[in-house]
Amino acid sequence: MVNHRNVMVLYLLVFVATLARSVKHNSRHDRCSCVQSPGPVPGPAGPPGFPGVQGTAGLPGNHGIPGNHGLPGIKGEKGECLEMKNNDRGVSSSPGPSPGPVGPPGQRGQPGLDGLEGQKGDPGETGQKGESGKLKKTLIPKIAFSVKLVNSMPAVTKDSGETVVKFDSVLTNLGNGYNPRRGEFVAPLSGTYFITFSGLTFTGQNMFLKLKKNNAMVLTAYAMGTCGSCPFSMASNSGIIHMTKGDSLHVALTGGLRNDQDENYTSFTGYLLYLDPHHHQRDITPFL
C-alpha cells in the first residue's frame with residue numbers, strides 16, 4: 001500500500017512548483033508594463049496541512065511474457081555394476097521345528113441365517129407316460145333273498161297273540177340266508193342290509209305287521225280292513241339295518257293277510273349292501 005505521508009509530500013511539491021511558475025510569469029509581466037515598488041516581506045510558513053485521503057488502489061499490471069525453456073543438461077557418466085559372488089551370499093539358516101499335532105475340532109457354530117428365496121426355475125420336461133394300472137375289483141358277497149305269501153292267513157286277533165308270517169314261495173335265496181320253514185332270515189355275514197316288507201289286508205280285517213330283529217321290533221306297517229268302497233287296503237315299510245353274523249329277521253302279524261296264487265301283494269325282501277371290514281377271505285369266498 002502507498003504511504004499517506006509520501007503522497008502528501010508529492011502533492012505539496014506539485015503545488016509549490018505550480019505556484020512558483022505562476023509567480024514567475026506574473027513578475028515578467030509586471031516588469032514589462034511598469035516598475036512597481038517591492039511588496040511586503042512574506043510571513044512565516046504556515047503549519048503543515050492534514051494528510052490527504054488515501055487514494056484508490058491502482059489496476060494490476062499485465063502478466064509478463066513467459067521465459068524460454070532452459071537447455072538440457074549434460075548426460076552423466078555410467079555407473080559401475082557390482083556383481084555378487086557366491087561367497088557374498090548369506091549363511092542359510094537351519095529349518096524350524098516340525099509342526100505340532102492337529103488340535104481337537106472346535107464346537108459347531110450356530111446355523112447361518114436363511115438365504116434369500118431363489119427365482120422360480122423353468123418347468124421340467126414332461127415325463128414318459130406310465131403303464132396302465134390294473135383296476136382292483138372289489139367283490140361283494142352275493143347275499144340276497146325275496147319271498148312272497150301264496151296262501152292267505154286267517155285273522156289273528158290280539159287276544160290270540162301274533163304269529164310269524166311264513167312266506168311260502170321263495171323267489172331268490174342267494175347265500176341260503178332265508179329259512180322258509182321258520183319264516184326267518186339269518187345273516188350269513190356281518191354287514192349292512194336293505195330290508196323291505198309289505199302286506200294286503202284280509203277282507204274287512206285290519207292288519208298290523210312287525211319286522212323283528214332277534215325278536216325285538218324294528219319296523220311296523222298298519223292298514224285298515226276297508227278303504228272307502230274298497231274292501232281291502234295295503235301297507236309296507238323299508239329300512240337299512242346292520243346285522244351281525246347269526247342275527248335273525250322275521251315278520252310278525254296281528255290281524256289278517258290276504259293273498260293267493262294269482263296275487264303277489266304280500267312279500268319280504270332283503271340283500272347285503274356293505275360288508276364289515278373284519279372278515280377274512282376264507283369267510284367271504286363261499287358267497288362270491
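In what order do the elements of the protein chain run from the N terminus on? Going along, they read α-β-β-β-β-β-β-β-β-β-β-β-β-α. That comes to two helices and twelve strands. Before I go on, keep in mind that this is a predicted model.

Okay, the overall numbers. The protein chain has 288 residues, and 24% of them count as buried. Its accessible surface is about 23900 Å², with 56% of that belonging to carbon and sulfur atoms. As for contacts, take the ones between residues at least 6 apart in sequence: 71% of those join residues at least 24 apart.

Let's start at the helix end. Helix H1 covers residues 4-33, and Val16 lies in it.

Now over to the strands, and to the aromatics. How many aromatic pairs does a search of the whole structure find? Eight. One of them is Phe145 with Phe268: the ring centres are 5.0 Å apart and the planes sit at 75°, so we call that edge-to-face. Is Phe268 buried or exposed? Buried, because its relative accessible area is 0% and the cut-off is under 20%. Phe268 has another ring partner, Phe167, with centres 5.6 Å apart and planes at 35°, so that pair is tilted. Here too, distant parts of the chain are linked: Phe167 sits in the loop between strand E3 and strand E4, 101 residues apart from Phe268 in strand E12. Phe145 counts as buried at 1% relative accessibility, and Phe167 counts as buried at 1% as well. Step back a bit and you get a cluster, in which ring pairs link Phe145, Phe167, Tyr178, Phe185, Tyr193 and Phe268.

Stay in strand E1 for a second, because Ser146 lies there too, within residues 144-148. Ser146 is buried, at 17% relative accessible area. Its side chain makes a polar contact with the side chain of Thr269, at 3.1 Å. Leaving out residues up to four places away in sequence, Ser146 touches Ser169, Val170, Leu171, Thr172, Phe268 and Thr269. So Phe268 turns up again, being among the residues Ser146 touches.

Last topic, charges. Side chains of opposite charge can pair when their charged atoms come close. The structure holds four salt bridges. In one of them, Lys210 pairs with Glu162, with the closest N and O atoms 3.2 Å apart. That links distant parts of the chain: Lys210 is in strand E8, residues 207-213, while Glu162 is in the loop between strand E2 and E3, 48 residues apart. Lys210 is buried at 17%, whereas Glu162 is partly exposed at 34%.

Then there's Glu184 with Arg182, at 2.7 Å, N to O. Glu184 counts as buried at 14%, but Arg182 is exposed at 52%.

And Asp247 meets Lys213 in a salt bridge at 3.9 Å. Asp247 lies in the loop between strand E10 and strand E11, and Lys213 is in strand E8, so the pair ties together parts 34 residues apart in sequence. Asp247 is buried at 14%, and Lys213 is partly exposed at 22%. Finally, salt bridges that share partners join Glu162, Lys210 and Lys212 into one network.

Technical notes: Residues are numbered from 1 along each chain as its sequence is written. This is a predicted model: local features need pLDDT of at least 70, side-chain atom pairs count only at pLDDT 80 or more; totals for chains, interfaces and linings use all residues. Side-chain values use heavy atoms; hydrogens and water are left out. Helices (H or I, at least four residues) and strands (E, at least two) are DSSP runs, numbered from the N terminus. Buried means under 20% relative accessible area, exposed over 50%, partly exposed in between (1.4 Å probe, protein chains only). Contact means heavy atoms within 4.5 Å. Accessible areas come from the Shrake-Rupley method with a 1.4 Å probe; for residues, only the protein chains shown count as cover. A polar contact is a pair of N or O atoms within 3.5 Å; within protein, one must be able to donate a hydrogen and the other to accept it, and residues adjacent in sequence count only if both atoms are side-chain atoms. Rings of Phe, Tyr and Trp (its six-membered ring) pair if their centres lie within 6.5 Å; planes under 30 degrees apart count as stacked, over 60 as edge-to-face and the rest as tilted. A salt bridge is a side-chain nitrogen of Lys or Arg within 4 Å of a carboxyl oxygen of Asp or Glu.
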